[in-house]
Amino acid sequence: SSSSSSSSKGGNVFELRTYSLLPNHYGEFLSLTNEKIGLRTAHSELTGYWTTELGGLNEVVHIWRYDSFEQRLNVRRALAQDEAWQKTYMNKITHWMSKQDNFIMHAVPWCPITVPQKKGGVYELRVYTTKAGALGDWAAAFRPGLEARKKYSSPVGIWFTEIGPLNGIVHLWHYDSVDHRAEVRAAALTDPTWVATVKATMPFLQTMQSKVMSPAPFSPLG
């Protein structure tokens, strides 16, 4: 179950960033990020920051929120000029990363971003790709069954991708534990409405990926 919705606050341009780290520097990276994250959040709003537990190794995932593409551009420029950020953080972590990925997405209006009532636990990030032009069809098939799925657990947020992988759907779910996730998903699949919804959405999907993540100590979505 969930509490405060933050859909009315801030803009609707979200950037999802994934960093793959060299295994021998993973601990150092997390420690330095924990220490220096305030330098970054001084520039723009952090939605959440996680370490990947399943579905990816030595990886961090973070989501940032912007009012507009222009604000994001201005923030990136300001960060490049921020001497403390560059010297004490960026110059170090650049050598610790093997890969960086990002994409831009917007939250769907029919699923406000909601902060879970419980802290801790695990988050599941699910990324689907629809067939070209089928995003609207997927949404039309998915939306009627969402209320049935919420009886078991509610999504933290659902986004559609805009830049990066196209025709993408990103959803974020919160569970008490990995075992709790399995229990909830099994229970939901006994619900006829939800089973029918899953079946109705399948023809529109091309790929599905899942990651189970733990929130960082400083993550607003903790």
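Leaving aside its neighbours within four places in sequence, which residues is Met-97 in contact with? Here are my notes, starting with that one; keep in mind that this is a predicted model.

1. Met-97 first. Setting aside the neighbours within four places in sequence, Met-97 is in contact with Tyr-19, Ser-20 and Leu-21. You'll find Met-97 in strand 5, which covers residues 97–107. Its relative accessible area is 12%, so Met-97 counts as buried, given that the cut-off for buried is under 20%.

2. From Met-97, hop over to Asn-58. These two sit 39 residues apart in sequence, and their C-alpha atoms are 9.6 Å apart in space. Asn-58 belongs to the loop that joins strand 3 (45–54) and strand 4 (59–66). With a relative accessibility of 25%, Asn-58 is partly exposed.

3. Have a look at the backbone of Asn-58 too. Its phi is near 50°, a positive value in a residue that isn't glycine. Asn-167 also has a positive phi, about 60°, and is not a glycine either. Asn-167 lies in a loop as well, between strand 8 and strand 9 (168–175), and is partly exposed, with a relative accessible area of 25%.

4. Now for a helix pair. Helix 4 (residues 135–150) packs against helix 6 (residues 192–201) at an angle of about 165°, and the axes are 8 Å apart. The crossing of helix 4 past helix 6 is left-handed.

5. What does each helix bring to that contact? Sorted by class, that's 6 nonpolar, 4 polar and 1 charged residues.

6. Trp-138 turns up again among the aromatics. The count of aromatic pairs is 10. In one of them, the ring centres of Trp-138 and Phe-160 are 6.4 Å apart and the planes meet at 75°, so this pair is edge-to-face. It ties together distant parts of the chain, with Trp-138 in helix 4 and Phe-160 in strand 8 (residues 155–163), 22 residues apart. Are these two buried or exposed? Both Trp-138 and Phe-160 are buried.

7. Last, step back from that pair to the group around it. Trp-138 and Phe-160 belong to one aromatic cluster with Trp-110, Phe-142 and Trp-194.

Note on methods
Residues are numbered from 1 along each chain as its sequence is written. This is a predicted model: local features need pLDDT of at least 70, side-chain atom pairs count only at pLDDT 80 or more; totals for chains, interfaces and linings use all residues. Side-chain values use heavy atoms; hydrogens and water are left out. Axes are lines fitted to C-alpha atoms, for helices over the stretch in contact, and angles run from 0 to 180 degrees between N-to-C directions. Helices (H or I, at least four residues) and strands (E, at least two) are DSSP runs, numbered from the N terminus. A crossing is left-handed if the near helix is turned anticlockwise from the far one by less than a right angle, and right-handed if clockwise. Ala, Val, Leu, Ile, Met, Phe, Trp, Tyr, Cys and Pro count as nonpolar, Asp, Glu, Lys and Arg as charged, and the others, Gly among them, as polar. Rings of Phe, Tyr and Trp (its six-membered ring) pair if their centres lie within 6.5 Å; planes under 30 degrees apart count as stacked, over 60 as edge-to-face and the rest as tilted. Buried means under 20% relative accessible area, exposed over 50%, partly exposed in between (1.4 Å probe, protein chains only). Contact means heavy atoms within 4.5 Å.
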